[in-house]
Every structure is written in C-alpha cells, then in structure tokens.
Amino acid sequence: MANLVQVIVDVPTMQTNQPYTYAVPKQLTDLVQPGMRVIVPFGAGKREVQGFVVGVIDESTYDGPLKPLAAVMDLAPVVNPELLQLSQWLANETYAFWISCLYTMLPNLLKGKTKRWVEVIDELSESDQAWLFGEENEVEFDELTHAVDKLERLIQLQRQGKIRFRYAVVDQARAKTVTAIQATQSFEKYEESLAELPKNATAQRQLLAYLQNLGDQVVTLKVAQEQSGLRPDIFRLGEHRGWLRKLQQEQYRDPMKDQAITPSQPLALNAEQQAAYDQIVPDIQQPQATVHLLQGVTGSGKTEVYLQLMAATLATGKSALLLVPEISLTPQIVGRVRSRFGEQVAVLHSGLSNGERYDEWRRIQAGEAKVVVGARSAVFAPLANLGLIIMDEEHESSYKQDESPRYHTRQVALWRGKYHQAPVVLGSATPSLETRARAAAGVYKREVLAHRAAAKTLPQVEIVDMRPEVQRRGETNFSNQLLTALHARLQRGEQSILLLNRRGFSSFIMCRDCGYVLKCPNCDISLTMHLDTHAMKCHYCGHEEGIPQLCPQCQSRRIRYYGTGTEKVAAELADLLPQARVIRMDVDTTRKKGQHQALLDQFGHHEADILLGTQMIAKGLDYPDVTLVGVLNADTGLDLPDFRAGERTFDLLTQVSGRAGRADKLGEVIIQTFNPQNYVIKLAQQQDYERFFAQEMQLRKLAAYPPYYYTVRLMGSHPDEKVAAKAMFTIRQQLQTTLAAETQLLGPTPRSIARLKNRYYYQIMIKYRADARLHQELLTLMHQAQQQFDRQFQLSIDPEPQYFM
Ligand SMILES: Nc1ncnc2c1ncn2[C@@H]1O[C@H](COP(=O)(O)OP(=O)(O)OP(=O)(O)O)[C@@H](O)[C@H]1O
Ligand SMILES: [Zn+2]
Ligand SMILES: [Zn+2]
C-alpha cells in the first residue's frame, strides 16, 4: 500500500537537498503519484512549502515521525517517470539542487503561483456535477487543494479524461497593443469624398488616396504614416470624418504562428546525403542508442538529412526531437520543419509567452505533437517514445546553461538517447573538439558531407590586412577591397552580409587624455554606451547613468566613445555607400518580440542590399541572392583569456562565410584582420576544419586542456573580498591532499570581473583525466561550504565550463 510519499521540497539549500517522507491521507492512497506537486508542512511552526513527489514507499519500511501532506497541487503528474529519473541524475552530475533540476524541466506557468481552474470537458454524472461544480462549468482549484474527498474524486475524473486544468494567463507580452488603422469605405465612396474636397486640401487628398488603395488591410498607424508621408493629425482628422477606423492591434505575435505552412516534399538526396542517411537509419529502425556525428560543410544539406531521418522516425510510430542553438538565431529551420511535418510540430523557444509555451508543452505531453523543435531547454520536452534526437550546430556554446543547473544539452540528449534506446545525431560544419575527438576514437560514428548540396563550390575567401589600410586612410571599418566588392553587388542587384564581431568587445567610453574608463560602481566592468537612450549602462547589474561631457578624473573634454558598435558602422556605411539600403541587426534592433523575424523577412524579400549585424547573423541563414560576406573585424575574439578563443573564432568565421553563394551564384568572402598570419584566420580562409582540428588538438594536448583533460570550475563568492579569497585558498589545500596525482589545480584567482553585484568572485580550475575520488569530494565540499566558511559564502561548481573569464 502506497501510503507514504517521498517529497523534494522547494527549499533550495544543501541541507534540504534530499527527499522527506510524508503520510498520504487514506482516501488519496494510490492516487498521489510520483511527479505530482504537493504542499507539505516543513520545519518548525506552521510553515508550508511546495514540493514534488519523487517516490512512493511502504509504511513498513519507515519508522520516523511523520507529518501528512497538507495539499495536493496536481491531479496528474507534471513530471513523468523518465524525467524524474533524469532530474535526479542531473542534480548529481551538475552539483545542483534536485528541486532546481525539476523546475528547469517545466514551463514557467507551472513554476510560480498561477491561478488555475478545473474545467469540465466531458459530461459528469449528476451527483459529481452538483457536488464538485454546482451549476458551474469550472471551479477554482486553489480552493480544493486541501479538500481530500473532492481531490480523490477529481483525480479519478481527470484519469477518465472528463476534466482538465485551465490556467489563468496574464500575458503581459501579449497584452501589449499598438494603434492600427483600417479603411472604412469603398473605392467609389472615397472617389466621391475626393471630388468634394477643395483642391488645396493636399494632405487630406493624399490621405483619401492612401486609404483608397488600402483595401481591407489593417496597418499600424506608424507604418501608415511612413507609407503615406502624412502626419498623425491628418489621420486623426480622417478618423473624425469617418474615412478610417482606428483599432488596437496585438503588437508582437508569435512570428511562427503567422506564417502559413507551405507543405514541402522530401528532396532527392545526393550521394553523400544518401550515404549518411543509410548509416543512421538502421539505428532508428532497429533502435540503438548510438551517437552519430554528421559533419557537413556549410550548405551541404544537413537539414534535409535531419528531416528525412525524422520522417523515418515518425514512420516507426515514435517521436523526434530537433535541438537548435537558439531559435531566433536559426529562424529558417523552424519553417522548414513545419513545412515538412505540419501540425505535428511543437516549437519551444524563448520568444513564446508563458501561455504559448505552456500550450506547446501540453500538446507534447498529450502526445499530439510528435516532433519538437527547440533550443536548450527543449531537451526536456516530455516526449514519450522518443525515437531520435538531433542536435544541430552541436558545437554552439549556448547549449551549455551558465546558471544552475549547469547542464550541457548534449549531455542530457545522450542520457535520453540511452533511456529510449534512440540514436543521437550531432550535426555541425565545425564540431566541438570534444565531439570530433570522440568520433576519432570510435566512440561516435561519423558521417561526412564534404560538398555543398545546391551550389557547386564553397565560396572564395580572401584576407585583407587592415594595418596598411588604417595607416593610409585613418580609422575605418572598411577596406578598399571590401568597398569595391560591396559596390559591385549593389550594381548587380545582389545582396551582402556584414559581420561585426562583438565577442569580448564593448563600446565603452575612454578619456583620450588620461585614459580614464567609465566603470560600473557595483561591478568592475566598463559601462556600455547606448546612443538610442543616451545612457551608459552596466550589462551585468543594469546600473545606468548619463553620458559624461567631461572626464571625471582630469576634466578633459576628450572623453569619448571607444570601440565600434553596429550603429557607428552603419553611419560610416551610409557615408561611404549612400545608395545602399542597410538593415542593422543587433541586440538593440531585435529586442522586441518578432522584430528579429521581421528584419530577416525584409532582407529575404530583397528590401535591403546589406544585412549588417553581430554574431546573430552568422548562422543558419540561407538566402540565394547573398553573394558577398564581409567580416569587418575578425580578431576581436582571438586574444581573450580563454583556451577556446581560437576554436570560437574559427567556428564563427566558417559559419558566416558559409552564408555566401549558397545557390547558383558564386560566393565571395572578405575577412578583415589585424592578424593575417594567425593560424586560426589562415585555416578559416581555407575552410579546412580537419587541419584546424589537428593543429588545435596539439595545442590542447601541450597545455593539458579538453578534450585531453576534463575541467571543473569552482567559483566562490562573498561580499568581503578577503573572506572569498581565504575560503578558496582553504578549499584548494583540502582538495590537494585528496585528489589524484595527475589532477591539476589552478588558482584561486580573482575572476576577470572580480566584483559583480557587490560580491567578490574567486575561482579555482581543476583539470583531470581520471580521478575516482573527485566527484565525491566535490559533492562533499558543496555540502559543507556554507557551514565551514560563512553563511554568506557561496560556492558554485561548474563542470566543463564554456567560458573562463
Ligand atoms: N538533395 C538536395 N538537392 C537539392 N538541393 C538541396 C539538397 N539538399 C539540400 N539542398 C539545398 O541546399 C541548400 C543548403 O542546405 P541546408 O541549408 O540544409 O544545409 P546545411 O548543411 O544545413 O547548412 P548550414 O549548416 O550552412 O546552415 C538549401 O537551400 C537546400 O534546400
Ligand atoms: Zn581624463
Ligand atoms: Zn554593474
């Protein structure tokens, strides 16, 4: 008899990171299941907290004092047995709280306190109806969570599919509206009004002509003003005269929802694609938890292979999961998946409102969506019966979550592949060194697409040395060669993409006389200038202040902008090529929901000649008219104190070069650099991943870095710098005595941003190959840190960190 449950409580501390046992009220015995949320009394006094049931046990095995559950929050589990097991494993692997791992898997709506109603969806017996719902069709659930008799019946009804939850979604993102206008009259009627107007009422005549051509379109007032060139008061007058109607329109809708799905048919695979497909498909049909690296140059048609593998998976009756680095970065892939699989596709991405996300999640859980496309957290999509997991651009660092739980999507994907006996396909033109090395060692299978699918060749890549250029012409972002190439594209009506590499780079203000740099008073980092809001902002803590006119240190007026932002480049471009239509894409122009897609659509429709942007334009774009890619500053990321700096720069240059010449026209790439001799730049020019891999592996071996060694980073922080430093020195000493001889400890060193949000950070890096005791040592350390040092001391443990700054 399952009358005791084990509960992980929502009290994220090390001491409470274990299941607590509670008694289940008699009537709910066997109805309360693992994966349901409950409310339990906790600690002294009357405190009650939320928790997850993670296990059910028998009374005879337990003889401690017991408290009963206070309330039941769900009628059915919200976490299924697979994910429950995964959450426990993940907590252990990533040194995180079990409760955090459970919450990480759920959509936001299920995390906070959200009002819920129980809704009748099928006819109930008269007595149930009267007892539970009275005359109504729904009741507020919060009033029932403590009512054991009613809960018992509700859980049964839920299992019969007669009732379900409805969530009250107060959706701020969706509530935002803008004013739009619509014509109210017919073409002829406007003609009459025009005839009645005096000849000199020019603005009104223009408005009527504009409305006449609008048909039944609804356009935002802003667009209408731009298109007609008329001022707002003319529109007000028009409304007054009954020529137009104003209405409120949702401002940012889910961009995907608006796109009609045009069904697409599988392409005939070329020989390389076919060979790769044939290697992988047997592992789907006779399920095997194998891992495949699909290594294909840019434009080689990896996506088509994914789609056909997914189709093969659906044919076996199973579901498929496609992970992408970030949906907003790879917008075209979602469209391609939807055109192949239609309504079966659920999309999970950060642009969704909480309500939309929950809806998608529920469709997945209910088995209605058999294909899921999503970014990092979609790896937890509650797909039952998974038959295939694909990770596109598997080398991308955004797959690693940099807050707790610090998991890597790949690690979770591999776990789920094993659980379901399903193959995992890792796709990339520039695989991470870790993955490529595992394939070399035969742990992963490897399939290669060495040629482009549609275009005949990879683009031609040229390197321009910027040093003589700047000496000749002074500070500029454009070499003569790049300008000439841009000009040629304009004349031929072709398009260009310009990348401004902003990695490790900020637009800060520096005094040209004394070198003073404006820094955040809370964090030790420079403030970034925002021209649009005329403010200096801290990107870490949000601190904001005005742009200084005088240097606070020496009173000089020569305190100025230092470094380059897209705004500045756009301004220079407007000077040099005034006839070019430029779309600027960076965090500022894409902050609002839907803007990113809108800009890309504009570019796709050829409404601009040049797409100028940061990293966000480097990946996944497939536009046939783009024949030129220019990289304005290839080296800004090269000198960062991070052993992956070279790898990231190589990836970026290769990916962005891959946007050029993808269809029948030949592509050209121009890379501007101050380090033309650097091996990363040279190999990126040759687009030779395999040589880069060989060379980079040697460096990693010499310096004992991944993939030869594993790494863990310990980060300790405290408001008092001395306490933080001292604790980390003590930790180092403790570890030194217990770890394997080959294991290396680096640090403690202050983090490059030593102070953040008024805490001081010190880090220790551990590099190891095989160390049987390390994991246990770290778990123990995590448990003890607060007691051993100071209540305010925080220790975080990050396995395989992606950044080292
Ligand atoms: N078998 C095929 N026959 C004809 N065209 C193809 C075939 N496979 C792919 N293509 C086309 O080639 C282009 C590149 O394919 P795709 O975008 O799938 O490549 P990819 O390897 O995913 O690219 P990237 O990694 O650079 O984003 C697309 O326009 C696609 O429609
Ligand atoms: Zn100064
Ligand atoms: Zn700050």
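# Exercises on a predicted model

Lysine 115 is placed in the loop that joins helix H2 (98-104) to strand E7 (116-120); helices (H or I, at least four residues) and strands (E, at least two) are DSSP runs numbered from the N terminus. The model is predicted: local features need pLDDT of at least 70, side-chain atom pairs count only at pLDDT 80 or more, and totals for chains, interfaces and linings use all residues. Residues are numbered from 1 along each chain as its sequence is written, chains are lettered from A and ligands numbered from 1 in the order in which they are written, and side-chain values use heavy atoms, with hydrogens and water left out.

## Exercise 1

Classify lysine 115 and serine 339 by accessibility.

*Solution.* Step 1: buried means under 20% relative accessible area, exposed over 50%, and partly exposed in between (1.4 Å probe, protein chains only). Step 2: lysine 115 has a relative accessible area of 41%, so the residue is partly exposed. Step 3: serine 339, found in helix H13 (residues 331-341), has 15% relative accessibility and therefore counts as buried.

## Exercise 2

Determine which residues and elements surround ligand 1.

*Solution.* Step 1: a residue is near a molecule if one of its heavy atoms lies within 4 Å of it. Step 2: ligand 1 is surrounded by 20 residues, the closest being Ala268, Gln273, Lys302, Thr303 and Asp622. Step 3: helix H12 (residues 302-315) supplies the largest share of this shell, 3 residues. Step 4: domain 4 (258-449) and domain 5 (460-505 + 563-699) each contribute at least three residues, the bounds coming from an automatic or database domain assignment.

## Exercise 3

*Solution.* Step 1: a polar contact here is a pair of N or O atoms within 3.5 Å. Step 2: a side-chain N or O atom of threonine 303 is 2.7 Å from an oxygen atom of ligand 1.

## Exercise 4

Explain why H12 is described as largely enclosed.

*Solution.* Step 1: buried residues of H12 include Lys302, Thr303 and Glu304. Step 2: 12 of the 14 residues of H12 are buried, so the helix is largely enclosed by the rest of the structure. Step 3: beyond the helix, H12 is followed by glycine 317, whose phi is positive, near 85 degrees.

Methods
Polar contact = N/O pair within 3.5 Å; in protein donor to acceptor, adjacent residues only side chain to side chain.
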